[in-house]
Amino acid sequence: MPHHLVFRLYAPMASWGEAAVGETRPTATYPSRSAILGLIGAALGIKRDDDDGQRRLRKGLQVAVKQRSPGLLLRDYHTVQVPPSQSKVTHRTRREELSIPKEALNTILSSRDYRCDGLWSVAVRLTANAAWSLEELKGALEKPRFPLYLGRKACPLAAPLLPTVVEASHWRQALDHRFESALDPERTWLAMVGNEKKDQQLLRLPEQVLYAWEGDADALDGSDTANESSEVWDEPLHRRSWQFGPRLEHRRIEAVKGAR
């Protein structure tokens, strides 16, 4: 059976960016492929302007996600002072923007969306072009080169990732990995995830889970029944210019039966 690297994501706040129009910055309910690759890239120490490193990351990994809880939506509302737009005038810093006379400043409305207390499991599979082994990726997530956060720098992790290499015939078998099997019951700081009753109470785990994966439609568990598929624009083509390309994503929502 193929090997997968699985890990979990939890933080009081997360923001999984979607296409943003105007001053509104919405969030998806689960991390995109771009978000997962960005997290692993930060762990490996690949900088945003390292085009070759970003390309190897994109070509080398496939990802799938299990949404155990989408969390609650939090909308952060802002009013922002901005200078009027003028041709041939560029403000390179926030200080420069505010250096003009106050009476010339305009006010715009802005909002940033977050998911609060969401919990997700992630599975990563290597392609034939992979530049790293799963063990190397696991080691990077355990000792990341750069700080890790869930979508925005204001959203640091609040629980260990617990990266683990597992054998699984399909995405689902990897995503259903029970991380508590690796926990030490004497270490109470890990008790939040690992105790089913506490998980349900603290994280308000819903009665449904969502799976999202790439590859073939039946790659989740061999069945293409009750799946939905659509084109999503989260393939990172160029990090510095924020260019993303399309890919086909498959999803399925299922009721929880027994272990989550």
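How many aromatic pairs does a search of the whole structure find? The search finds two. The model is predicted, so local features need pLDDT of at least 70 and side-chain atom pairs count only at pLDDT 80 or more, while totals for chains, interfaces and linings use all residues. Residues are numbered from 1 along each chain as its sequence is written, and side-chain values use heavy atoms, leaving out hydrogens and water.

**Aromatic pairs**

- Rings of Phe, Tyr and Trp (its six-membered ring) pair if their centres lie within 6.5 Å; planes under 30 degrees apart count as stacked, over 60 as edge-to-face and the rest as tilted.
- Trp16 and Trp120 form an edge-to-face pair, with 5.3 Å centre to centre and 90° between the planes.
- This pair links distant parts of the chain, 104 residues apart: Trp16 is in strand E2 (residues 16-17) and Trp120 in strand E7 (residues 106-126). Helices (H or I, at least four residues) and strands (E, at least two) are DSSP runs, numbered from the N terminus.
- Trp16 is buried at 3% relative accessible area, and Trp120 is buried at 0%. Buried means under 20% relative accessible area, exposed over 50%, and partly exposed in between (1.4 Å probe, protein chains only).
- The rings of Trp242 and Phe244 have centres 6.1 Å apart and planes at 40°, so this pair is tilted. Trp242 counts as exposed at 54% relative accessibility, and Phe244 as partly exposed at 27%.

**Charges over rings**

- A charge sits over a ring if NZ of Lys or CZ of Arg is within 6 Å of the ring centre and within 35 degrees of the ring normal.
- The charged end of Arg125 sits over the ring of Trp171, 3.9 Å from its centre.
- Arg152 lies over the face of Tyr114, 4.9 Å from the ring centre.

**Arg115**

- Arg115 lies in strand E7.
- The Arg115 side chain reaches the backbone oxygen of Gly71 at 2.9 Å.
- Not counting residues up to four places away in sequence, Arg115 touches residues including Pro12, Thr29, Leu73 and Trp120. Contact means heavy atoms within 4.5 Å.

**Salt bridges**

- The structure holds 20 salt bridges, each a side-chain nitrogen of Lys or Arg within 4 Å of a carboxyl oxygen of Asp or Glu.
- Arg33 and Glu235 form a salt bridge, with the closest N and O atoms 2.5 Å apart. Arg33 in helix H1 and Glu235 in strand E10 are 202 residues apart. Arg33 is buried at 3% relative accessibility, and Glu235 is buried at 14%.
- Arg94 and Glu97 form a salt bridge, with the closest N and O atoms 2.8 Å apart. They are three residues apart in helix H3 (residues 94-97), and therefore separated by about one helical turn. Arg94 is partly exposed at 38% relative accessible area, as is Glu97 at 22%.
- Asp117 and Arg204 form a salt bridge, with the closest N and O atoms 3.6 Å apart. Asp117 is buried at 19% relative accessible area, whereas Arg204 is partly exposed at 44%.
- Lys66, Arg172, Asp176, Asp221, Arg252 and Glu254 are linked in a network of salt bridges.

Notes
A polar contact is a pair of N or O atoms within 3.5 Å; within protein, one must be able to donate a hydrogen and the other to accept it, and residues adjacent in sequence count only if both atoms are side-chain atoms.
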